[in-house]
Amino acid sequence: MGMKALDHESLNENVKKVQYAVRGELYLRASELQKEGKKIIFTNVGNPHALGQRPLTFPRQVVALCQAPFLLDDPNVGLLFPADAIASAKRYLSMTPGGLGAYSDSRGLPGIRKEVAEFIERRDGYSSDPELIFLTDGASKGVMQILNCIIRGQGDGVLVPVPQYPLYSATISLCGGSLVPYYLDESANWGLDVNNLRESVAQARFNGITVRAMVIINPGNPTGQCLSEANLREILNFCHQENLVLLGDEVYQQNIYQDERPFISARKVLMDMGQPISKEVQLVSFHTVSKGYWGECGQRGGYFEMTNIPPQTVDEIYKISSISLSPNVPAQIFMGLMVNPPKPGDISYEQYVRESKGILESLRRRARIMTDGFNSCKNVVCNFTEGAMYSFPQIRLPPKAIEAAKDAGKVPDIFYCLKLLEATGISTVPGSGFGQKEGVFHLRTTILPAEEDMPEIMSSFKKFNDEFMEQYEGVKM
Amino acid sequence: MRRFVIGSARSLIERSRQNYQFQRPLLSSSYRLLSSTPAVDSPSSSSTMSPPVALNTINPKVIECEYAVRGEIVNLAQKLQEEINTKPDAHPFEEILYCNIGNPQSLGQHPITFFREVLALCDHPTILDKSETQGLFSADSIERAWKILDQIPGRATGAYSHSQGIKGLRDTIAAGIEARDGFPADPNDIFLTDGASPAVHMMMQLLIRSEKDGILCPIPQYPLYSASIALHGGTLVPYYLDEATGWGLEVSELKKQLETSRSMGITVRALVVINPGNPTGQVLAEENQKAIVEFCKQEGLVLLADEVYQENVYVPEKKFHSFKKVSRSMGYGEKDLSLVSFQSVSKGYYGECGKRGGYMEVTGFGADVREQIYKVASVNLCSNISGQILASLVMSPPKVGDESYESYGAERDGILSSLARRAKTLEDAFNKLEGVTCNKAEGAMYLFPRIDLPEKAIKAAEAEKKAPDAYYCQRLLTATGIVVVPGSGFGQVPGTWHFRCTILPQEEKIPAIVTRLTDFHKSFMDEFRG
């Protein structure tokens, strides 16, 4: 045998096109340095527990009991687990014919999908159908499933915000579709201007692309902005006019750090707008147990909810889910617990509230600390993190730095981020991984390092940045 | 358009054997959910355009692919179940018996206690410090939980891990592979996934560039393969297992199908082998495996070895040998053979389907290809941590001398010997039925009996626009509550009919199942005998 059966050349081209910077060059370099013994602060991915955030106690108690149901028969179980966790475990086990080890319905356990529907109804004030809610192994798998359904080929375009979370660009590449960018306005706090949307769609159509869907990430990633109700109405009207399905990535809906724009779901606004639009605009909404104040990334639990998708198409989507048999059952229980947490009067209620509030309030403080910290640095401008988990400062690189990057064969923001990493151990993701306007550079970091570590991290960053700027501007600070 | 290679006219004449054709399931027997709302496919719209997400506007590959294991028959079963729930005597049976899917714990199989102890402790590590825990958990499960947690940065089981899976767990799995095979395994070759199925999808995604790329698949096959190939736009190249020789796999058949497809302009990229087989249950003989390895090496094919049933072998004359072991024992290494081995926590004696744990071991690929595999894995960040932990436990269970070893061993042996008994009992029962022959289930979890359906039955099926085997299965269901999957969902020689039945109902239920099935079959044959 001469040539290898599968070599780089004969790989699926779509795979080769994929880029996912969140675990790309910077992360790999950081991992190398970590192996060499350098202390690394990983701020490249929204992974709260990896940076010391503790899991909420109650859900872990319940799932542990569900894992080992023989504990429930032990008379001493009450010594380790509170009564409401025990009751909750029994309730969830009764929903699973066969316990955690059996494949569930391919859409997820009916009992849990019902809890999700009830959560949505409480949140939005409109009823939701459990039959249109599919649980998935993380929201990412749901996004991939839906995009795979929509994209027929290169001629199909999906509107994606720039900057965006690169799951979207990567998945569109994998599916062989076309990414149609719409630019968020940094000077307007990453606001979304419908005129930008119109322009992007017109441009795409001029290039022969059929624009099929529009992605919004609300609150935004990496940008953190929270969409206003007016903005959401504009977007829904736009989708209605242009016959686009709206994909609402709402995984950060619990992470809101200002009070002017609380989270409103796309579905609520759509329903508020009444008929005909509320019955015509197609919408798929995504949520997860990975973010919020739960941060249970490692469980891989998520769902998508479909609105105005025709029944036979829902069947086709169900069929695709069935090929993977079922989403993992423990994460389904985490999802149930998240949408249906302890209530006032429950034994674990106070602890639950205390733990949750503690995390959210700290995140709010850290969002402020980081924004202010970045804004105090030379040539750095940073919009406030209104929501989500990230800070996305703009780094105004001097021309000499850009040249040095070019000489080193690197994109300027990658060059900067690598130097930052080597100097401080702070592992970020360069803005080019998310998309940005030509010639404008950013980096994404998370607001997740522990609050007590923040001052040191920010001063370490400032020291590096200001020295870097001094070096490449040739002007002493 | 189905993407299956059909034997050319030329080869029909040239060959002495009958040319087999992948059976095209009739539309009615393929997966179609019965929607409860009227079948108006697009929402009422003032615009004349189709909505973006509608049957006529979505990715056609989605429409094309099929997966019979959870298809039409299961929907009917669920409907009947609801009817019994509201009116217990609505049907001539008390309960639905799901024999359609390899889902052991849904039918009463117990999980392995030691594994669940470790998982519970890893889910809630806070209790490891408490003295009460000693009274509730075995000492070695506590020890193992500590060991695992120490391998996880920050002991954070809720954090995304390395995209290939936690390094320490991959070390354990690699050691387990080495202990099994006697040849070393590299933790960097291991990619932990949410079950084996996503790993299969990943490989299909990498291998398939267009419909000109073909993947050799056994017929009958587990329909994940046909579905995945359809979804990725490739071509399934069938090779037929020989029912007359216990579902034997002949390299001559592989060669024939390879040549045929090449002559039609297909680039065959890989060979899928399921060992032990699903739905067929055969365990390959080592000599057979050597010939397969040789074939892949000669023809430059990636060998995709689905080995998820490696712990389900029920006959003393056969043993599971991994393809990795076989190829290494032939002196073949990284330069000689590109091999992907799939394993899962869903089968064996552990049956932890709902956990979605599994891995692929990837050997014989260049660094640049491995980079691409890693990249694709990284877009999904990582597989679920609990499943990763379980995969490491499966590949490294309690050993002789461990506190839990005896109880673990008893649980394991109890399940495996029961599976072997049930396999035999059901095989014998099927073989007693008129017009039915059933090969032995040497391994896996299924029986795949062949029914010689009378002409009258075939006509009745056609009248209902159903494939004959789907018709038989539906009649079986409505008469007995037993759910099985029609053979057309797996592929079979045209004009032959089969169904797949699992061996998983609890042992005490088996006699009743045999009786009901036997009675039904007799009355079916009475009705349709010519």
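At what angle do the axes of helix α6 and helix α12 of chain A cross, and within what distance do they come? I began my notebook with this pair, keeping in mind that the model is predicted.

**Entry: two helices.** I looked up helix α6 (residues 139–150) and helix α12 (residues 311–323) of chain A, and found that their axes come within 11 Å and cross at roughly 130°. I noted that α6(A) and α12(A) are therefore oblique to each other, and that α6(A) passes α12(A) in a right-handed crossing. On the side of α6(A) the contact is made by A:Q145, A:I146 and A:C149, while α12(A) brings A:I317, A:I320 and A:S321. Sorting the residues of this contact, I wrote down four nonpolar, two polar and no charged.

**Entry: salt bridges.** I then turned to the charged side chains, where a search of the whole structure finds 53 salt bridges over all chains. In one of them, the side chains of A:E296 and A:R60 meet at 2.8 Å, N to O. This pair links distant parts of the chain, since A:E296 lies in the loop between β7 (283–288) and β8 (302–307) and A:R60 in helix α3 (residues 57–67), 236 residues apart. With buried meaning under 20% relative accessible area, A:E296 counts as buried because its value is 1%, and A:R60 counts as buried at 2%.

I also looked up A:R152 and A:D156, whose side chains meet in a salt bridge of 2.8 Å, N to O. Here A:R152 is partly exposed at 36%, whereas A:D156 is buried at 4%.

Note on methods:
Residues numbered from 1 in each chain as written. Chains lettered and ligands numbered in written order. Predicted model: local features only at pLDDT ≥ 70, side-chain atom pairs only at ≥ 80, totals over all residues. Heavy atoms only, no water. Axes fitted to C-alpha atoms, helices over the stretch in contact; angles between N-to-C directions. Helix = DSSP H or I, 4+ residues; strand = E, 2+ residues; numbered from the N terminus. Parallel < 35°, antiparallel > 145°, perpendicular 65-115°, else oblique. Left-handed = near helix turned anticlockwise from the far one by under 90°. Contact = heavy atoms within 4.5 Å. Nonpolar A, V, L, I, M, F, W, Y, C, P; charged D, E, K, R; others polar. Salt bridge = Lys/Arg side-chain N within 4 Å of Asp/Glu carboxyl O. Buried < 20%, exposed > 50% of the residue type's maximum accessible area, 1.4 Å probe, protein only.
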